[in-house]
Every structure is written in C-alpha cells, then in structure tokens.
There are 4 protein chains.
Amino acid sequence: MELRPLTRAGERFVAIAEQHLDAFRARAREHDENGTFATDNFVDLKESGAVAAFVPEELGGLGLGSIHDWAVGLERIARADASTAIALNMHLGISRTIATGWQAAVARGEPSAAAGSEGMLRAIVSGDLVICATATEPGTDFLRPLTTAKSTPEGFTIDGRKIFVTLSPVANLMAMNVRVSSSEGDQIGFAFIPIDSPGIEPQDDWDALGMRASGSQSVLIRGCKVAEGSIQIAGPWGRWSAGLLMGRTLGNLTLVGAFLGIAERARELAVAAARTQEKPKYDGAIGQAAGVQHLLGEIDIDLAAARCVLSRTAAELDAVLAAHTATPIPLELAHECMRDYQCAKWTVNQNAMKIVSHAMDICGGGAFMSGHELSRLYRDVRAGPFMQPFSPTEAREYIGRVALAAYPDG
Amino acid sequence: MELRPLTRAGERFVAIAEQHLDAFRARAREHDENGTFATDNFVDLKESGAVAAFVPEELGGLGLGSIHDWAVGLERIARADASTAIALNMHLGISRTIATGWQAAVARGEPSAAAGSEGMLRAIVSGDLVICATATEPGTDFLRPLTTAKSTPEGFTIDGRKIFVTLSPVANLMAMNVRVSSSEGDQIGFAFIPIDSPGIEPQDDWDALGMRASGSQSVLIRGCKVAEGSIQIAGPWGRWSAGLLMGRTLGNLTLVGAFLGIAERARELAVAAARTQEKPKYDGAIGQAAGVQHLLGEIDIDLAAARCVLSRTAAELDAVLAAHTATPIPLELAHECMRDYQCAKWTVNQNAMKIVSHAMDICGGGAFMSGHELSRLYRDVRAGPFMQPFSPTEAREYIGRVALAAYPDG
Amino acid sequence: MELRPLTRAGERFVAIAEQHLDAFRARAREHDENGTFATDNFVDLKESGAVAAFVPEELGGLGLGSIHDWAVGLERIARADASTAIALNMHLGISRTIATGWQAAVARGEPSAAAGSEGMLRAIVSGDLVICATATEPGTDFLRPLTTAKSTPEGFTIDGRKIFVTLSPVANLMAMNVRVSSSEGDQIGFAFIPIDSPGIEPQDDWDALGMRASGSQSVLIRGCKVAEGSIQIAGPWGRWSAGLLMGRTLGNLTLVGAFLGIAERARELAVAAARTQEKPKYDGAIGQAAGVQHLLGEIDIDLAAARCVLSRTAAELDAVLAAHTATPIPLELAHECMRDYQCAKWTVNQNAMKIVSHAMDICGGGAFMSGHELSRLYRDVRAGPFMQPFSPTEAREYIGRVALAAYPDG
Amino acid sequence: MELRPLTRAGERFVAIAEQHLDAFRARAREHDENGTFATDNFVDLKESGAVAAFVPEELGGLGLGSIHDWAVGLERIARADASTAIALNMHLGISRTIATGWQAAVARGEPSAAAGSEGMLRAIVSGDLVICATATEPGTDFLRPLTTAKSTPEGFTIDGRKIFVTLSPVANLMAMNVRVSSSEGDQIGFAFIPIDSPGIEPQDDWDALGMRASGSQSVLIRGCKVAEGSIQIAGPWGRWSAGLLMGRTLGNLTLVGAFLGIAERARELAVAAARTQEKPKYDGAIGQAAGVQHLLGEIDIDLAAARCVLSRTAAELDAVLAAHTATPIPLELAHECMRDYQCAKWTVNQNAMKIVSHAMDICGGGAFMSGHELSRLYRDVRAGPFMQPFSPTEAREYIGRVALAAYPDG
C-alpha cells in the first residue's frame, strides 16, 4: 500500500530517488548535528538527474508532469533525509513552472518566448541552475509581503527580509514574493533574482529544531536593483486569486510527501525494533507483546489514512490540471483545490507526528538519544504544521468557509 | 472529492443507486421508527436492476466487477438509508461469488457447471432470488461457528442459531457458516439453504439501536436437513485460510461504504444548517460563526481521510484480484488485504462517528429530537465497529501482527 | 478513585441517592422505551428527602451546601437513570437559590424577606413544590430570549415558547428567562410562574434520541399574566454579567455529573462483560484478550481524567463561593469560573462519549440491541454537548478569549 | 486553577521553588545547547533548602510530607527547567524514604536505627549529600535488572550497566536495583553506593533529544565491592510486590509534575504570543484571530484535565499513605495506586505533548528555531512517556488488568 508512481516519468523519478537513499541516510546524522546544508546530496541529485525531473525529455530532463509522482519521489527521499526532500521541492516547484511555460510557448509557436525558458531548463539539466523560493517573512503572511519593490526608472529596488529560504546555500536563483506599489494600489509580485546580486545577503543563520540540513537561512535584501522584467505581477496585495491559490497548492502539496516519508521511515524503525529488540520479560523480541502489536496497529491505521489522502488528493489535482490546460481554473475550483490540499496536509501532518511518537514508544528509551534516528525524525516531523499557507490556527476555519462557499478574500 | 466509480459498469450502478435516494429517504424515518424492514426499497432495487449489479451483462445484469464501485454505490444508498445499503450488500456479496463462479466455468468450458450458476443469476435478474448471508452467532466468532452440520446418509442436519441475519425478511436463500464434523477434525462449511426450508425459523426479533430497517433478525435452525452439495467446505474450524480471509475482506470492505455514506449525509445536513439556521446573536446564519466554520473544517478533514482511505483500499483490492485471476492468492497477501481493509474500516468508522457527532453540534439541540435525521444517523453509524471480523478489541493487534508477519492462525 | 462527597450533608445526600439506584434502574428501560416521564422516581425522591437536599436542616432539609457534593449525588443517580438525574438538577438548582436567599435574609435579620422563601422551602420538604427551569428557545441563545414580558398596569404579559423544559411534567413552578422591554433598553428577566397558570401550555411533545424519561417537553406561553414581583431583572438583554455567568455555572456544572455517571455505569457494564462473557476463541472470558484489556485501560484513563476534572472544578467553585459570601464576585472571576466549568464539561462529555463507545466495543454486538442498557447510555450520553451555555461550536473560542482576558460581552 | 500546595510545608517548598525560576530559566538555554548538567541550579537548590524538602523540621529541613505538594513544587521548577526538576526528583524520592525511616525509628524508640538516617538527613541539609537513583538498564525492565550482585565473604560484588542515571554528575550516593542470586532464587535488591566507590564508572555520555541538562549519563559498574548491609532485598526477581509497586508509584508520580510544568510554561508562551505578536492581516495581535482563540481553548481544556488528574491522584495517594502508617498496604491496593498513577501519567503526558505542539502552532515558525524556548519544551516533553514503569506499550494493558483484578505477577 505504499505510494507508487502513476506515470512512466514518475517511475523514473521515483527509481532515481530510491537510488539515493543509502547515501543520504548515511550523511543525515552529521548534517543534522552540525546544521550543515546537505551540499553533497545535491551533487548527487544533479548527477542522477533528479533536479531535472520537470525538464521535458527533449531538453534532457525526466519529463515529469504528475504532481502525484512528484510527491511520491519526495516521500522516498524523506525516508532518508527530509531536509533534502524539502530543499529539492523548492527547486522542483519553480522548475516545473518554467517547464510548463516553455511547453505553452512552444505550443503557441512563440520561439522567442520559449528560448528564455529553454536556456534555464538546459542549465538545470547541466546542474548550473538551482532555484530556491521563499514566501515567508517574519510577522506577516504570504499574501501580505512587507518586502517592497519600489519602481525606479531602471526597474525596481527591493528591500526586505525573507526567512526560511530553504535550499538557498546552493541556489543561484531566488524566487520571492514582494509588495509592488503602483497607482492602482499595492500588488503582489514575484521576483526572480540571481542570488549573487548586489543587495542579496544570505545570513547563514539557520539553526532550528529540525530540518537542520535544509539550509533554510534568512536572506536580507538591501537596495537590490532589478530590471523591470524580473518581477511578475500576480494580483492585488492581500487578496487571493485563482493563480495565487493554485500556485501555493501546487508548490506545497508535494511538501506533504516529505512528512509522509518521515512517517514511513519511523514505521520501518518501529517494525525492526519490534522484531529484534529483546527483553527477558518476553523471553525474546518485544514484538511478541500485545501492547507493541497494538501500537504497530495504530501506526498502520494512521499510515494508511495518510498515504491514501495524499495519493488521492494529488491524483485529483493532476486531473484538475489535465482538464484545464486550455481554460483558466475558476476561483471557486482553486479554493476547492486548496481546501483538498489543506485537508490532506492536516491528516498527513497529524498522523505523521503520531506515528513518529508511537515508533518512539515502541523503540523505548534508546529512541530518546541524539544518536537514534527517531530523535531526528521527531524534530523534523514537527516542521509540517508550519508549512504555509494556513497554519493549524487557520486551516480549519478556511476549510469550513470553503464548505460554505464563503471564500475568504485574503 | 466525493467517491466516483472507476468503471463503466460502476457508473451505471452508481447512477441507478442515486435514482433511489429520494424515495428511500422519504421512507427511512418510518421504517426506523417502527423497526420495519424496508421491503418497498427492495421492490425498487429489483426494478432498477441494482440487485443484479454483479450479474454479467450477457445474462441481463449490470456486469459490475469492481469492488471499488460496489462500495461507491453502497455509499450513495446509505446517504438515504444505511439499513438498505447494508442489506443490499449481503445479497451483492453472494451474487458476486456466483457470478465469478459462472465466469470461471464458462472460461473453463464447463457448461454444466455454469448452468447452475446461470439459473441463479437469471433468477436474480428477474427478482425471484434474493440472498442473505450470516456469519454471526452469539458467544463466538466467525472462525468458530457453533451451528453444527452433522453428516447423515442423505447429507447434513443443521442445528444452531444465527444472529444479525440482515436482509432475511425478503431473502429466499440464506448463506451461512457452519461447523462440519469430519474425521480430519472439524471444518468450516458454507451452507446455502432456501429460507423456507423446514427447520429454518426466522425470529422476527430485530429491535436495535440503529440500522432498524435492515431486518437483521435472528434465525433458529432446528434439525434442518440439507443435501450434501449444499455445503462447501472452506477449511479447518478455527483457522484462517487465504480463501476465508479474502471472502471476509471482499464481502465486508464494501460495508464500510455504508458508513461513509452516513458521514456524507451528516455533512450535507451540517452545511445546510450552517447556511440556513439563524440566531439573533449572529444577526443571520450560524455559519458566520468561526466556531461553526471550525467544526465544518474538522468534518471535511475527517471526511477527506475517510473517502480517500476507502477509495484507495478498494481500488488496490481490485488490482490484487485482477492480478490473481489465474493464480491463487497466497496466505500472506490475503492477510495484507485483510489488514488494509481493517485499516480502512477503522478510519472510516471512527471518522464517520466523529462527523455525525460534529454535525449534531452544528445543528444544535434540534438534532437531538427523534424526528431529526441526524438522530437516526447517530444510531446507525454506531453499527460500524461491530462489523466482523475484528472488532475494535481485536483490530489493532491483528494489524500489528500482520506488520510483523506474525499472522494469527485463527 | 470514584467521586466521594466532601461534606457531611453531602454524605447524606449521596447515601440517599445510592439507595434509589436499584429501583430507578429497574424502571429505566420502560420509561426510555415509552418516552414517559419517571414520575415514580420523583415520588421516591420526595419520600427520601433528596428533593429537599438544599433546604436547610432547620427547615427539614438535608442542608446541602456544596456544589461538589451536589454533582456527586447526581453522578450516582445517573448510573441508574440519567434522565432522572438531569430532571432533579433543575429543581435542585432553583431550590438552592431559594435556600441561599433565605439564609441571607435571616443573616440580615429580615424576617419578612425570609418568610416567603421559608414557605417555599417547607413546601419542597413536604413534596408540595417541585420547580423546573428553562432557558432554552428555538433559534436563539440564553442571553437573547425571544419570549417577551410586556409591561402592563397589573404586571406583565408573557408570550413565547420554551423548549427542553425538563422536569415540567411534575413541576408546579416554572422558572424561565424572558425579554423585558424597558425604557433603558431590553432586559433579561427571570420569571417564576405556577405551571398551572392560564397561558402556560405544556405540549407533551418530548420525543428525543435520549434522556427520554426527563420530560423535556416544550411549553407554549400565551398571554400569561403575572404580577410585577414575579419577574426579577438580571441585566441587559444580550450581555453577560457576573450574576448571569455565575448562575449558569452553578446550575449547569452539576449536570456534568450526570454524564460522568453514565460513563461510570458504562464502565461497570464493560468490566462485567469482560469477566463473564465467554468465547471459544479464548477458552473462557473475553477479558483474557489483550485487546479487551487495552480498551478497559483506555476507559479507565478517560474516566480518571473525567472524575478528577469534575471533582476539582466543583471543589474550586465551592471555594470561590465560600470566599465571596459577603462580597460580590467580579466579572473577571465569574468568567474564569465559567471557563473552568466549560473545560470540565468538555473533557467529561468527550470522555464519557468515548467510554460508552468503548464499553460497547467490549460488550460486542449485543450492546447494539435495544434491550441492552448500553444502547440507552449511548443515546443519553449524547445530550451532554448540547447543554448550555457554550456548545462545542462556541466553547473553545470562549475559553480562548478568557485566557486572553478578551471576555465576550454576550 | 493552577496547582497549589495543600500543606504548610508544601507552601514553603513551593514558595522556595518559585524563587528559583528566573535564575533557572536564564540558564536553561545554555545547558540545553551544550548538554551540560545544571550544576549551578543545584548550588541554588542546596542554598535555598529545596534539597532538604523532606528532611524533618527538627533536623533542619522543610518537613515536607505530602506527595501532592512535592509534585506541585516540581511542576513549578519545570516551568523554568524540566531537567532540573526531574534531577531533583531523584534526590527527593530517596531522601523521603530516608526521612520516613528516621521517623519510624524514632516512633519505635530505636535511637541506633535512627542515628544512621539522621546523619544522612543532616548531610542533606548541609548540602553534603545528594542522592541519585536508577532503575533502568538497556534491554530489560525494572523488575528484571541484569546488573548482578554476587555474594562474597565480605558482602557483594556488583557488575552491570545502568542508564538514565539522572543527577549523577553531582550526586555522591547512588541507589539502584540489582539482581541478587540466592539459594531461594534470584532476588531484587536495592544497593546504596557512594558514587566515588571503586568500580563505579560514570560515562559522561548523556546526549539526548531533551532533558539535556539532567545529567542522565550511563554508569558502568565493574567489580564494585559493597558491604552486606548496603543492599536491601525487596522480593523475588521479576515479581511485583506491594512494596515495589508503592516505591515506583511514590517515586515517579511526582515526575509527572515536571511534564505538567512544561505544559504550563508552553501555555504561558502561547498566551504571551497571542497578545503581542502582530500581523498586518489582523491589523493587530494574532490573538484576535478566532483560530488562535480556538487553539488556546484546546490548550486550556487539556491543561485543566492534566492539572486535575495529577492533583487529585496525588492527594488520594497522600490519603492512602495516611491511612496506612501502621498497617502494610495490601497488594491489591498497591496495584490500584499504581493504576491511578498510570492513568494520571497517561493523560498528563499526552495532554502536555499536545499543549506544547499547540503552543508552537500559535507562536508560528519562530517557535521552530533553536533559540525559541518552545523548541526546547517540545524536546523535553517527549521524555514523559519513557518514564518507567509501564511505557505506552504496556500501560493500557496493565490498567485494564487491574480493572479486572487480574493483576500481573511481573
């Protein structure tokens, strides 16, 4: 019942992901302990072609298209190192957008529009381009960035501070949301900026409870000047649009896969312990104890629900996208996609946290030691509920409003 | 995100099921109040062809094959009347077995073997044959029936008592498990007996908390004489076999659909109340209250998990069956199928109970009145955890043992 | 660890309550089945003096003073018949108010003020006075009654409709909240009206999921004329005051005891079943099964939390009252008392519902039959969350606001 | 509703505990980060007299007697540093045993027996004696220690390995359970050994997920020779006795207080964040969001249950002890005390973990940073379920068996 890819390209992607697991797992403890970014993992991911998953086959990539299979691949990687999984997710999300842009331009017969994307996609294949993304700032939410892009005669000057800029230590391009002042009121824009641009100042300050190898440092942006074309306007500041909803859903649903992967790994460790850890009380392995069997049962119940809700939600999202290649997605449907993602996120996150905790119960006090993999999983898995948009303080109300068709404006 | 059929025959089955909803819902309150079997619903189900869902198209049926779609159709019916859904399930389960037997005989080129099945299938189409099944007795479990079939020169004489014989008020054939004494030790047998046989004494004693229109009376069997061919031996008494495991999984997973259907209906009622019930406190509909939105959010989170775990589990079971048309299913795989069913059953039942309760919270004190549909749903939904095999006192341990490949013998 | 009274008078009250259990339990099934009010139980409660629990000893009562012990007595009665427990609670709540009024008047040396109360208290002792109370109407909440008392030269004329008027079939006085129009804006008033007054029309329409013997019919009030002194003004319509908060807390916290009592009884039935129900599978009682032990463990964990949170909350409320005999309770403290009651109510209700459901799991399919006591407990226990004020759609937000000292006005 | 001491001595103990909070909190982050034992805190605890809480007043201590108040004091300390709370608990548990022994000897009029205890108690007052205790070894449980005490002509030679020897870095006496071989079969013994004895080798290897300042290193015991009087026999190896049950209950129930203290602190941080953290979306503090209020409500519901179950369980245990000063506690009652402790432990631990997680949800992504106090609380609180005896794999079954009076032997 574990998740399996549904497409050919997905099978390739997942097979590649699985090849990395041993090496990533071997490195995970040290990166976690030191809080170092898993640069070595990204060397491997470039070499295997995983970073080019969304690049079309004709440009040298894997030709991945399915959101479902993207999530499955991340789930696999997270079994070894969830930090690497979420870092890769950032890059894959943006590269998918570039790839769909290229395909649309080719389909429209606009070679010049395609050319720019093609260059980026080829750079991704060669390993020369890694893209990180951030939409998080202290003290505000995704729809209300306080990082400001001021119009200048040459383009824009950007100032602000971004946090949780996962993958940034090895990225050379950074995507972020900004507030663009304009005569029609403030707008949300997305800026794409080379990370070595003047004014982009990574802070090397990532020191967190978990996901310690994800390089999610903060980045100061001070007087960073960009050309006009570097910022795409996405709609009014503080308001949801179908595009913003779908963007957040597509980029973040797959993150849920990482937390499922953590749960999968915790379950493996619990089963192994139940089979091999012995106690005089049981005159053999602890798995003979009914209480251990009960907790394993609870783990598998929670795991089945988590797997299924992620799998079906992602597959349904693929179906929505397939049905809207030529027509825009209406706002209501975009809210429903976001709602389905929020439901899946809630169950997977909550169940994953329970599964890790139950696995610790089964493994016993040893799981509390820093050297035990479960103590890392316990820290990593807690990142799930923080993932935006809609934290646990917001998600239930949002879901309820969608049920009532009382969609929030922002 | 509601469940949808995956096959053409399933689409027909579900469409037919949906046509019945208004009529069934209109009758549900009265049957529930009086504890009368919903005979009128079965008149309709015969007329619409729903009872012949599993009969091959060439014999006049719908040609249904998918377990998944079977569950979806039951889910729909349960939105109107869960008693009717679980009663229909009994009949469909046995008729599916007959249909697959007919198809196998035809495929093997054994017309005489096919003839018997064909007669039954045609009788199902004409509405002349309705089959109920029971595997429940007081004070024992499915693997250890105390109802005894004693060998006689002419066949067997059966004595015992069966309970929860759902659908029996309108059935004319009854399938049940019995204990067959033999020289190699006791065996489990399945007996198929016309319900008007001498010695079959329905007790007309169904008076329960919920599922009151399901006709789940007890049946005394006293000195009932059957021919030798009426009993099929399924294996040693008290022991699981692949066949017994798959039989219980196939026949009961779809029952879970009925409890999902109850949850779906409860959610409909909650959303309607949130939109239309007004209070001076809110100067309008109660759905404006954040607390109502929160509970609706909890309902939709639980509903999404319930839908997905049932859908994926049933689809996977279809895949297992498709991969084993020619080869037997190994014991280990049969346990894994049972395990997956148990996981789905747990989540759907628990979530459905929560959803009904939350819907009552939203609808307020009115939902506590006997005339309110939710008060029936609250009683009906509680039947779920009792469904065999593996009650909540047993399921977690069983699932845990499968995880450890420490399969219980019986 | 079961609850025990903390005062001498409480010991007497609880001992009396326990003497009734056998008789009440013997009658419970029939009243439940027929939806008849348990008039016979109230004959007994008058005879035993339980109805005069709060009447001071010098006036012939038990002299009960402790909220804690009141809750304990109700808990005991609910083990036999929760309907009777909640019906008695109505009467005890009002009679306690009368008793404290009498004591205050005596303490102030105002014999004429004491005289009226004394008459009522003596009538309670003689069994001539039973008082019911209602603060519920369809489509509104406690603070916003739509039942209107219009000022007339002779007093007031009252029109409206009250629901859930528990105990009304045997009560001869009815207390209720009404909306009193005045020049300073609408007020909430409490009216005390003989139930046989012209214009008071009990509807004999109580037909509910559970608590079927509680007589909680609706009462129409049509042109009911009362003297001016019959209505006490409690504050502005739609606004909380310390008095209203304390009144609701004092009158309703003890109701929680009834739901604890249901849980206590469910646990007794589960333990008895575990000890005595046998299955061939276990070659003896089902209590040998680890899965049954696990569920009993879950029951006792939930029961311990429910007992303790009710016991400590009620004892703390007694301490607050003892500290404020001479000084009024500030609004903030009144909100905190209400908050503590809401926390206790939530845990007891949720745990009681879980305990009943787990007990059903242990007892098996027999518990689903109408004749099984657990099937009544399952219906009765669901009444808990509906108890006002603050349903599950409102309670969490209210509690959170008190934590932030952002007290809601109304 | 926070816990308050019930005795005079308890008031003193709690007041002293509260004086330490600011200093302990200021040191907590650094000890946590470096995994250093909080030696400075123990300097303070000696100075304030907290380490002498159980020493009778006539010997210079606080004269604490109440288990309840002991738990309350630990709860307070854990608000600042849970590591220090659990370390102090080890010492207090053993010193309480010494104090009750002294009191009994004095009461019996046996000055020589009292003299030894008196010396130790005075050493505790002067700060010269700190005692740690361990009953944990890898791969076995409390009743089946593998550390062996072999009889020699001079006494015993002990070999083995103990883990989780909390407080050992500053202790000068170590109490531990050992396996003593004897002609009547193996026995459990308790050895009291100066920690600087030859053969006692602390490993300085404490590096854990949480409770990092508790100094819970492992200790090798190699050929450690002790005099015969240093080991007290407690009963057969592998079997519960009333004494062992009560010893474990008394020593560990109060540990639960530490986890309640963590929850109390997490709640404080959540309330402070809700009041002060601002977001443009809310045009003010996030506490205005209904979703934040809902989560605060869930926190307070869980906290109320946790407080009450610990308070009442501890107070009941005090009552049991008071009723058995002259008579031994029967085995059944000892199991019931253990059961009540297990119920309290379960609810407090589970609720505390939920509360910390909900507090993180409210505080947002900042709470995931290593510098945020909640990230430490999240790690510390996870230690709770590991506390012996009866992990979550064992507790429910144990509690269920006590309910059935089917007490486990061992």
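Through which surface do the copies, chain A and chain B, meet? Of the interface residues of chain A, 100% are also interface residues in chain B, so the copies meet through the same surface.

The model is predicted: local features need pLDDT of at least 70, side-chain atom pairs count only at pLDDT 80 or more, and totals for chains, interfaces and linings use all residues. Residues are numbered from 1 along each chain as its sequence is written, while chains are lettered from A and ligands numbered from 1 in the order in which they are written.

**Chain A and chain B**

Chain A is superposed on chain B by a rotation of 180 degrees with 0.0 Å of shift along its axis, at an RMSD of 0.0 Å (least squares on the C-alpha atoms of residues with pLDDT of at least 70 in both copies). This is the relation of a two-fold axis. Within chain A, the C-alpha nearest the axis belongs to Cys308(A), at 2.6 Å from it.

Contact joins 36 residues of chain A to 36 residues of chain B; two residues are in contact if their C-beta atoms, placed from the backbone, lie within 7 Å. On the side of chain A that touches chain B, the elements giving two or more residues are α7 (242–276), α8 (290–323), α9 (331–363) and α11 (395–403). The largest share, 17 residues, comes from α8(A). The table divides that side by class; Ala, Val, Leu, Ile, Met, Phe, Trp, Tyr, Cys and Pro count as nonpolar, Asp, Glu, Lys and Arg as charged, and the others, Gly among them, as polar.

| Class | Side of chain A that touches chain B |
|---|---|
| Nonpolar | 19 residues |
| Polar | 8 residues |

**Fold of chain A**

Chain A holds 11 helices and 10 strands, which are DSSP runs numbered from the N terminus (helices H or I, at least four residues; strands E, at least two). Along its principal axes, its C-alpha trace spans about 80 × 45 × 45 Å. Buried residues (20 or more other C-beta atoms within 10 Å of their own, C-beta atoms being placed from the backbone) make up 59% of the 410 residues of chain A. Among contacts in chain A between residues at least 6 apart in sequence, 75% join residues at least 24 apart.

**Helix α6 of chain D**

In chain D, helix α6 (residues 111–126) has buried residues Ser117(D), Glu118(D), Met120(D), Leu121(D) and Ile124(D). Their cover includes α5 (82–108) of chain D. After α6(D) comes Gly127(D), with a positive phi near 85 degrees.

Conventions. Buried ≥ 20, exposed ≤ 12 C-beta atoms within 10 Å, placed from the backbone.
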